[in-house]
Amino acid sequence: MKKINILAVITWIVLILVNLPFLVIIPSSFTAAGFLSFPPEGFSWQWYTMILERPEFIDSLIFSLELAAVTAVLATILGTLAAMALHRYKFRGSGIINSLLLSPLTVPSLIIGISALLFFTKIGIAGTFTGLLLAHALISIPYVVRLVLTGLSTFDYTLEKAGFMLGANPLRVFWDITLPLLRPAIVSGMIFSFLTSFDNVTVSLFLVAPDTTTLPLAIFSYMQETLDPLVASISTVVILLSLVFIILLEKVYGLERLFGLNSQSH
Amino acid sequence: MNKRLPVLLLTAPSMIILLGVFLLPMLLMFLLSFENAQESFSFENYLLFVQDPFYVEILWRTIRVSLWTVLTTLVLAFPVAMYMAQATGKMRGIITMLILAPHLISVVIRNFGWVVVLGEGGWINQMLLSLGIIDEPLRLLYNELGVVIGLTDSFIAYMVLAIATSLYAIDPSLSKAASILGASRVRTFFTVTLPLCVPGIFAGVTLVFSLSMSAFVTPALMGGTSVKVLPVIAYEQIMSTLNWPLGAALAFLLLGSTILLVSAFTKIVETKRYKEVFAS
Amino acid sequence: MEKMIDVELRNIQKKFQNNIVVHDFSLQIEKGEFISFLGPSGCGKTTTLNMIAGFLEPDEGDLLIKGKRMNGVPPYKRELGMVFQTYSLFPHMTVAENIAYGLKLRKQSKAEMQERVQRVLDLVKLPNVADRYPKQLSGGQRQRIAIARALVIEPSLLLLDEPLSNLDAKLREELRDELKRLHQEIGVTTIFVTHDQEEALSLSDRIVVLNHGSVEQIGTPTEIYHNPASEFVHTFIGKTNRLHGVVTKVEGNRMKVQTDKGFVVSALQPAKAVQEGQRVTVFIRPEKIVLSAETAPAGVNQANGQLMMTSFLGAFTECQVQAGGEILDVKVQMLEKLAGVTPGSSVLCQWHEEDVLVMPAEGDRL
């Protein structure tokens, strides 16, 4: 007889709890009733067809996806360039640039949001796509820098030298050797940036215009007025979308590694 | 070869964003926080915290909610981290996935799920009512309890990660050594395992506390109008009252008190012995 | 006078899933004995040690320490001392606190604790490190402290789990002598797990050679070296030349073997008796072959050859000799003394029949 492992029991309770929101939302989005309830009553797709009748959700979904995609591309290119430069050329002061680039992670997003609003109002880009894009890039770049720097920390520069010795020019070496070896870090940086932008509420909240809003914010405002199964169905769409990217991230890089939990020490 | 030039060139785009969207705006916001209603320089906004008991109460509430969040995440995360440290590679991967994946889905949606579970007509109340355990619905939402539940859900992953990382780093033969020297499992836990993962606990506590102090979405959605924490008040000043200087000052006061409390905490826990053992 | 048996393993068996990792292990260890478990990784030596320590439970069989059955007794109630490969000092405790840990659990008074800590620190010749933290010590010092921590509780049995394998070569030798001295001084019954035959040979009163979870042989170092019970024991314990052949004649306790490559070898009858016509394997250790520059007709226990290659290793030279169709490894002390012998020279290899080991061929090897 095996003794019941109390740690395992607590662990599984915690795991169920942190996933409980999704376990509740997804079923209740299929309710046939006109109000929110769990367990759901009956089964119907009505709350999904209802989404189609609400242009504000469709619009904000498209807006969010566009914003997240452009943010991801921008943050990945800029962050990767910066990280590669910082790792290759070390000099007095490169440490300062490094910590400056990572500094947005240490300041509450509330302050980032407020300060961006104040400044963007001054220069006239508050409430525009550009303003949102810049702010989202700001909070995504540090993740890309960190991931690419981690990828570079195990990068063997003699491989590049070997490439040169075999007659490849610098561009070919970068394209054939450096980039493929860093690809997992760069790709996961891009996916992570996408998710960061797609999920963001706190910063976006200060920067959206009333008519063009991101999806999480649309849900946020809708929730503060009414709670009906429509929130559940639109949330389910977001959950499934996010899940695709999470699984991608797990396949490309591994969540354990992404969150710095990669010690296979025993 | 001058190394600075390529670095400056390649980091320039990121640095421009950093300067233009972060450093410069923060500076402006800081200056603005010293502006009074007459648009002249004054400490009025900051003095509110000393003079107006309303703001003192709000600050205290913010700290209280954050402390409760730290406590619940710690109590729940520790066993999870312990279990992860014992588990085999595959099981560890599954647990990591299940604890981290929710973290990558918008907090608005997670909070919404909790509202469905905890609301007056929510799942828990329905169940307890139908079982006859309670006569009228419990108030689990739109109070401090609701906020703490929401924040715990949001930040538990950080606590688990911090503690698990420090547990993974402990040589498993240390507990074997304690055991063969005569220490029971409980004794081994308290004399070997726990002292050695103290840095992880500290890291988790500081991080979760800082995050809870500045959390905004969860208190807004799960605390409703009755649990106004400092970030919510700051938001209202900025977006509804349009008193930007006061909003800015509130945000900096929040940041300032968080830094103050965290450094005080660090000062207390980092004894001479702690530094000698854990300094790298 | 009857000998005191300190530890007894009776038909111990352990499975992981469906793999038998320890098979029918029986052993009696006398009080004060230094015994080694020797074998390659995965042979079951560490698993057995862990069962004696109490970290694992045997699936079958009994484990007795000082006559008491220990199955099911947790490690912390067994009163043993153990030293691990990775030192395993508690990093958050000073050296003195590390050593006192076991004493504290035994509720000793402060004064007594201090005295015993100092005594054991003197014993391991590190009297002045009590207030340091483990990370302030060198690898060798850490392992001495680990030994001190294990000894201070005066354990009924000391378990050493490859304690030297994380140290560099010179320190390893130093600490090996230290272990020997400590054992002679204290006389605590000791089980030493290692994969290094030199360590086992130099330290042990008896060696248990393990392979694939089974005991291959139990014996004193000289028995193991000179009278190996199996081909595995012989090859594991040192370099050897292996020749295949057929027994042509058995006469009393002597025999002759004709090897496939044309040598005639005479030998003493092995423990596992062989018969005429049986296929056998013949082993001759490199250091038992004598090399000379003479030329003589090939005969019993001698072969003509050509020196192929030499590697000078200081105290001796390793040579390869092409003789008949075989390549023989030969260890020569002072090859310089053999005038005119260089790679390419003709040489004569000779050996004594006592140094030849014959075993029945394993399987139908061609």
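This briefing covers the nonpolar cores and the chain contacts of the structure above. The model is predicted, so local features need pLDDT of at least 70 and side-chain atom pairs count only at pLDDT 80 or more, while totals for chains, interfaces and linings use all residues. Residues are numbered from 1 along each chain as its sequence is written, and chains are lettered from A and ligands numbered from 1 in the order in which they are written.

**Nonpolar cores**

- A nonpolar core is a set of buried Ala, Val, Leu, Ile, Met, Phe, Trp, Tyr and Cys residues joined through C-beta atoms within 7 Å; buried means that 20 or more other C-beta atoms, placed from the backbone, lie within 10 Å of a residue's own.
- The largest nonpolar core has 228 residues, and Ala81(B) and Val160(B) have the most contacts inside it.
- Helix α7 (residues 144–168) of chain B gives the most to this core, with 15 residues; helices are DSSP runs (H or I, at least four residues), numbered from the N terminus.
- A second, separate core has 27 residues, including Trp351(C) and Leu357(C).

**Chain B against chain A**

- Contact (C-beta atoms, placed from the backbone, within 7 Å) links 66 residues of chain B with 70 residues of chain A.
- On the side of chain B that touches chain A, α1(B) gives the most, with 17 residues.
- That side has 53 nonpolar, nine polar and four charged residues.

**Chain B against chain C**

- Here 16 residues of chain B are in contact with 18 residues of chain C.
- α8(B) gives the most to the side of chain B that touches chain C, with six residues.

Conventions
A residue is buried if 20 or more other C-beta atoms lie within 10 Å of its own, exposed if 12 or fewer, and partly exposed in between; C-beta atoms are placed from the backbone. Helices (H or I, at least four residues) and strands (E, at least two) are DSSP runs, numbered from the N terminus. Two residues are in contact if their C-beta atoms, placed from the backbone, lie within 7 Å. Ala, Val, Leu, Ile, Met, Phe, Trp, Tyr, Cys and Pro count as nonpolar, Asp, Glu, Lys and Arg as charged, and the others, Gly among them, as polar.
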